[in-house]
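Please have the sequence and the structure open while I talk.

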Amino acid sequence: MRSEAYLSVIEELVYQVTGISELTPDTDFIRDLALNSLDVANLVCAFEDRFQVEIPVRDVWQLAQVRDVIEYMQKKAMHKKQV
């Protein structure tokens, strides 16, 4: 999946969880969107469900920006193809 496709899916998921609709790759979930820990947890669950991956707790706080989620999901997808 291309970065633009990931961005579109992430925008959709963020809108479903938070009601916020406009994102860029540089959007920071905490600073720009003011998400609290419950919002982040709900968003992580939505990412896991949609992308069919497991995101370990140790990785969650590395996903600070939309760009981080895109790169993380691309790496997970590549790993799935190799297995």
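Val-66 sits in helix H4, and, in this predicted model, Val-66 has a relative accessibility of 0%, so we count Val-66 as buried, the limit for that word being under 20%. What does Val-66 touch, if we do not count residues up to four places away in sequence? The list is Leu-7, Ile-10, Leu-23, Thr-24, Pro-25, Thr-27 and Phe-29. For a sense of distance, take Asp-39, which is 27 residues from Val-66 in sequence, with the two C-alpha atoms 15 Å apart in space.

One of the residues on that list, Pro-25, deserves a word of its own. Pro-25 belongs to the loop between H1 and H2, and, at a relative accessible area of 30%, Pro-25 is partly exposed. Beyond four places in sequence, the residues that Pro-25 touches are Leu-7, Gln-65, Val-66 and Arg-67.

Is Asp-28 buried or exposed? With a relative accessible area of 6%, Asp-28 is buried, and, leaving aside neighbours within four places in sequence, Asp-28 is in contact with Leu-33, Ala-64 and Gln-65. Ala-34 is in the loop between H1 and H2 as well, but Ala-34 is exposed, with a relative accessible area of 60%, and Ala-34 has a positive phi of about 55° despite not being a glycine.

A positive phi, again in a residue other than glycine, turns up at Gln-52, where the value is near 50°. Gln-52 is placed in the loop between H2 and helix H3, which spans 57–60, and Gln-52 is exposed, its relative accessible area being 61%.

Let me turn to the interior. In general, nonpolar side chains in soluble globular proteins tend to be buried together. Here the largest nonpolar core has 25 residues, and the members that touch the most others are Ile-10, Phe-29, Phe-47, Phe-51, Ile-55 and Met-73. The elements giving two or more residues to this core are helix H1 (3–18), helix H2 (37–51) and helix H4 (66–82). If we look at Phe-47 and set aside neighbours within four places in sequence, Phe-47 is in contact with Ile-10, Leu-13, Phe-29, Gln-52, Val-53, Ile-55, Val-69 and Met-73, a list that includes the exposed Gln-52.

From H1, the contact is made by Tyr-6, Val-9, Ile-10, Leu-13, Val-14 and Val-17, and from H2 by Asp-39, Asn-42, Leu-43, Ala-46, Phe-47, Arg-50 and Phe-51. Sorted by class, the contact of H1 with H2 has ten nonpolar residues, one polar residue and two charged residues.

Key: Residues are numbered from 1 along each chain as its sequence is written. This is a predicted model: local features need pLDDT of at least 70, side-chain atom pairs count only at pLDDT 80 or more; totals for chains, interfaces and linings use all residues. Side-chain values use heavy atoms; hydrogens and water are left out. A nonpolar core is a set of buried Ala, Val, Leu, Ile, Met, Phe, Trp, Tyr and Cys residues joined through side-chain atoms within 4.5 Å. Buried means under 20% relative accessible area, exposed over 50%, partly exposed in between (1.4 Å probe, protein chains only). Helices (H or I, at least four residues) and strands (E, at least two) are DSSP runs, numbered from the N terminus. Contact means heavy atoms within 4.5 Å. Ala, Val, Leu, Ile, Met, Phe, Trp, Tyr, Cys and Pro count as nonpolar, Asp, Glu, Lys and Arg as charged, and the others, Gly among them, as polar.
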